[in-house]
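User: Hi! Could you walk me through this model?

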Amino acid sequence: MLMSFRFIDKEVNAKQLSPLNLAFIGDCIYEILVRETLVTDANRPVNDLHRESVKYVSAKAQTEAFEKIKDMLTDEETAVYKRGRNAKVGHSPKSATEGEYHCATGVEALFGYLYLTEQTDRIKELFSVIHTEHT
């Protein structure tokens with residue numbers, strides 16, 4: 001599962017980044033977790049992998065994921081999530097409600113923050129609950 005280091009050796013203060021910057025990197029981290037999970041669960045055709053991944057990475061799925069982990073979050077993590085959720089994204093979602101889209105942005109911001117602050121074990125813990133409850 002996710003490596004316990006960042007790829008770029010450059011200091012970054014995650015608390016000073018905009019919530020949309022956190023969501024930008026968090027989207028990728030969340031996608032890696034999903035893809036790694038799917039690939040390690042079974043060897044299957046790429047089209048099947050893609051179809052399965054959508055079940056995790058859609059705004060609706062990330063909203064459901066948040067419901068599973070929300071009571072586990074620390075005050076700091078909840079604050080990061082809320083910053084992401086409340087960010088002005090500048091466009092309307094196509095395949096989700098506004099609420100789902102904002103919630104998903106909050107989840108992505110949280111995962112981005114945890115990644116940039118090198119809290120890999122916490123990422124694994126939260127994603128494990130999401131994945132275990134999803135299957």
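Analyst: Happy to; we can go over confidence, the core and a helix pair. This is a predicted model, where local features need pLDDT of at least 70, side-chain atom pairs count only at pLDDT 80 or more, and totals for chains, interfaces and linings use all residues. Residues are numbered from 1 along each chain as its sequence is written, and side-chain values use heavy atoms, leaving out hydrogens and water.

User: What is the mean pLDDT of the chain?
Analyst: The mean is 89, and 93% of residues reach 70 or more; pLDDT is the predictor's confidence in each residue, from 0 to 100.

User: Which helix has the lowest confidence?
Analyst: Helix α6 (residues 120-134), at a mean of 88, while helix α4 (residues 75-85) is highest at 97. Helices here are DSSP runs (H or I, at least four residues), numbered from the N terminus.

User: Switching topic, which residues touch the most other members of the largest nonpolar core?
Analyst: Leu-22, Tyr-30, Phe-111, Ile-123 and Leu-126, out of 29 residues. Such a core joins buried (under 20% relative accessible area, 1.4 Å probe, protein chains only) Ala, Val, Leu, Ile, Met, Phe, Trp, Tyr and Cys through side-chain atoms within 4.5 Å.

User: Which element gives the largest share?
Analyst: α5, with nine residues.

User: And how do α4 and α5 pack?
Analyst: Their angle is about 130 degrees, with axes 7 Å apart; axes are lines fitted to C-alpha atoms over the stretch in contact (heavy atoms within 4.5 Å), and angles run from 0 to 180 degrees between N-to-C directions.

Technical notes. Helix = DSSP H or I, 4+ residues; strand = E, 2+ residues; numbered from the N terminus. Buried < 20%, exposed > 50% of the residue type's maximum accessible area, 1.4 Å probe, protein only.
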